[in-house]
Amino acid sequence: MSVLENKKVMIIGDRDGVPGPAIEECVKTVDSAEVIFSATECFV
């Protein structure tokens, strides 16, 4: 069981940390999770 099962996920990655697409690939391993938004932002 995963905390992301049957959830819609919004991902905001960090340019100097973990980028959005990397987090998205991890979320995709949960079959029932749906990524509705994914972005990488620069926080300064």
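The structure holds 0 disulfides, a disulfide being a pair of cysteine sulfur atoms within 2.5 Å. Two cysteines illustrate the setting of such residues. C26 is exposed, at a relative accessible area of 53%. C42 is partly exposed, at 39%. Here buried stands for under 20% relative accessible area, exposed for over 50%, and partly exposed for what lies in between, with a 1.4 Å probe and protein chains only.

The model is a predicted one: local features need pLDDT of at least 70, side-chain atom pairs count only at pLDDT 80 or more, and totals for chains, interfaces and linings use all residues. Residues are numbered from 1 along each chain as its sequence is written, and side-chain values use heavy atoms, with hydrogens and water left out.

The protein chain contains 1 helix and 2 strands. Read from the N terminus, the order is β-α-β. Helices (H or I, at least four residues) and strands (E, at least two) are DSSP runs, numbered from the N terminus. Strand 1 covers 8–14. Helix 1 takes in residues 20–27. Strand 2 consists of residues 34–41. The C-alpha trace spans about 35 × 15 × 15 Å along its principal axes.

Of the 44 residues in the protein chain, 18% are buried. The chain exposes about 3400 Å². Carbon and sulfur atoms supply 57% of that area. Accessible areas come from the Shrake-Rupley method with a 1.4 Å probe, and for residues only the protein chains shown count as cover.

The protein chain has 4 positive and 8 negative side chains. The centres of the two sets lie 4 Å apart. Lys and Arg count as positive and Asp and Glu as negative, while His and the chain ends are not counted. Each charge is placed at NZ of Lys, CZ of Arg, CG of Asp or CD of Glu.

The largest nonpolar core has 5 residues: V9, I11, V27, V30 and A33. A nonpolar core is a set of buried Ala, Val, Leu, Ile, Met, Phe, Trp, Tyr and Cys residues joined through side-chain atoms within 4.5 Å. In soluble globular proteins, nonpolar side chains tend to be buried together.

The contacts listed from here on leave aside neighbours within four places in sequence. V9 sits in strand 1. V9 is buried, with a relative accessible area of 11%. Its contacts are L4, V27, E34, V35, I36 and F37. V27 belongs to helix 1. V27 is buried too, at 6% relative accessibility. V27 touches L4, V9, I11, A33 and V35. L4 lies 23 residues from V27 along the chain, and their C-alpha atoms are separated by 7.7 Å. V30 is in contact with S2, L4 and E5.

E34 is in strand 2. E34 is partly exposed, at 41% relative accessibility. Its contacts are K7, K8 and V9. The C-alpha atoms of E34 and M1, 33 residues apart along the chain, are separated by 16 Å.

N6 lies in the segment before strand 1. N6 is exposed, with a relative accessible area of 64%. N6 has a positive phi of about 60°, although it is not a glycine. N6 touches S32 and A33. A33 is one of the core residues. The C-alpha atoms of N6 and C42 are 29 Å apart, and the two residues are 36 apart along the chain.

Terms used. Contact means heavy atoms within 4.5 Å.
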